[in-house]
Amino acid sequence: MQNSHPLDDFIWKSLTSCHQHLAAGDALALRYPAPIGPFAVLGGNSPANWKALADLVLAGDHAALVTLQELEPPSGLNVIQRGLINQMVLSTAPSDSSVAKASRLGVADVPDMLELVAMTRPGPFGTRTHEMGEYYGIRVGGKLVAMAGERMRLPDYTEVSAVCVHPDYRGHRYAETLVNLVGKRVVARGETPFLHVFSDNTGAIKLYEKLGYVLRRQFHLVVLARAGDGDAVS
């Protein structure tokens, strides 16, 4: 992977550096274990690379690739989703604004995290996603109503992800509080926060711009399944 900026290959860079201990596969193709997330990356675009990726996608599982150029997988892998993703990078110091107390989330919080994710669908989140980095949440009356955390990690950069708020608790600036908190933690380590958002999610993009994130570039998302799993789309 030889792109000029490390964030052009953020999945590859993450799986070969800070998250090397989580990587499955080899130089032909790498991925996170399914309970952590579907994110995968090719080491090239040859038939050998695609075969290596297919071998990493088990029945009933998905592989999500985020690339600069749109990919056309070979037979044996079905496309079940495509999309355009904006990559945004923090350009200013994170705000100190906070409207609620947030706490660190861990293994004991996973059931509540999964329940919130199922309701809000911020992106892929599994039983072990919390192992990727620090996650923080806001509880009201003991109920987890908002969370955000870290996903991809590579030298000098950490991704802010899983930003979600329970529908009944929106409008309280909980997402703003958590994105700023996670961003401050990243900056305190001497790293730059970045994040990804679907290019048509104008509401989220406006929030991130308000918090100092700027568009760096756009990527193609393709989610794949083994042939026979799920519904293929063009």
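What follows is a short tour of the sheet, the helices, the aromatic rings and the cysteines.

Keep in mind that this is a predicted model, where local features need pLDDT of at least 70, side-chain atom pairs count only at pLDDT 80 or more, and totals for chains, interfaces and linings use all residues. Residues are numbered from 1 along each chain as its sequence is written, and side-chain values use heavy atoms, with hydrogens and water left out.

**The sheet**

- There's an open sheet here, built from 8 strands in the order 4-11-5-10-9-8-7-6, with mixed pairing. Strands are DSSP runs of E with at least two residues, helices are runs of H or I with at least four, and both are numbered from the N terminus; two strands pair if DSSP finds at least two bridges between them.
- At the edges sit strand 4 (62-67) and strand 6 (103-105), each pairing on one side only.
- From one strand to the next, the twist averages 35 degrees. Axes are lines fitted to C-alpha atoms, for helices over the stretch in contact, and angles run from 0 to 180 degrees between N-to-C directions.
- Strand 6 pairs with strand 7 (residues 135-140) in the antiparallel sense, over 3 bridges. Ser103 stands opposite Gly137 in strand 7.
- As a bit of background, strands of a sheet pair through backbone hydrogen bonds, either parallel or antiparallel.

**The helices**

- Helix 2 (residues 47-56) lies across strand 4, strand 5 (77-90) and strand 11 (213-226), and runs at about 95 degrees to strand 5. Contact means heavy atoms within 4.5 Å.
- Which residues of helix 3 (residues 110-120) are buried? They are Val110, Met113, Leu116, Val117 and Thr120. They cover an arc of only 125 degrees around the axis, which puts them on the same side of helix 3; the arc is that of the directions from the helix axis to the C-beta atoms.
- Buried means under 20% relative accessible area, exposed over 50%, and partly exposed in between (1.4 Å probe, protein chains only).
- On the face of helix 3 turned away from its buried side, you'll find the exposed residues Pro111 and Ala118.
- The cover over the buried residues of helix 3 includes strand 6, strand 7, strand 8 (143-154) and strand 9 (157-165).
- Gly203 is found in helix 5 (residues 202-210) and counts as partly exposed, at 47% relative accessibility. From Ser103, Gly203 is 100 residues away in sequence and 25 Å away in space, C-alpha to C-alpha.

**The aromatic rings**

- The structure holds 5 aromatic pairs. Rings of Phe, Tyr and Trp (its six-membered ring) pair if their centres lie within 6.5 Å; planes under 30 degrees apart count as stacked, over 60 as edge-to-face and the rest as tilted.
- Tyr157 and Phe194 make an edge-to-face pair, 6.4 Å centre to centre with 80 degrees between the planes. Tyr157 lies in strand 9 and Phe194 in strand 10 (residues 192-198), so this pair ties together parts that are 37 residues apart in sequence.
- Tyr157 is buried at 16% relative accessibility, and Phe194 is buried at 0%.
- Tyr208 and Tyr213 are edge-to-face too, because their ring centres are 6.3 Å apart and their planes are at 65 degrees. Tyr208 is buried at 9%, and Tyr213 is buried at 2%.
- Phe10, Tyr157, Phe194 and Phe219 form one aromatic cluster.

**The cysteines**

- Counting pairs of cysteine sulfur atoms within 2.5 Å as disulfides, the tally is 0.
- Is Cys164 buried or exposed? Cys164 counts as buried at 4% relative accessibility, while Cys18, at 33%, counts as partly exposed.
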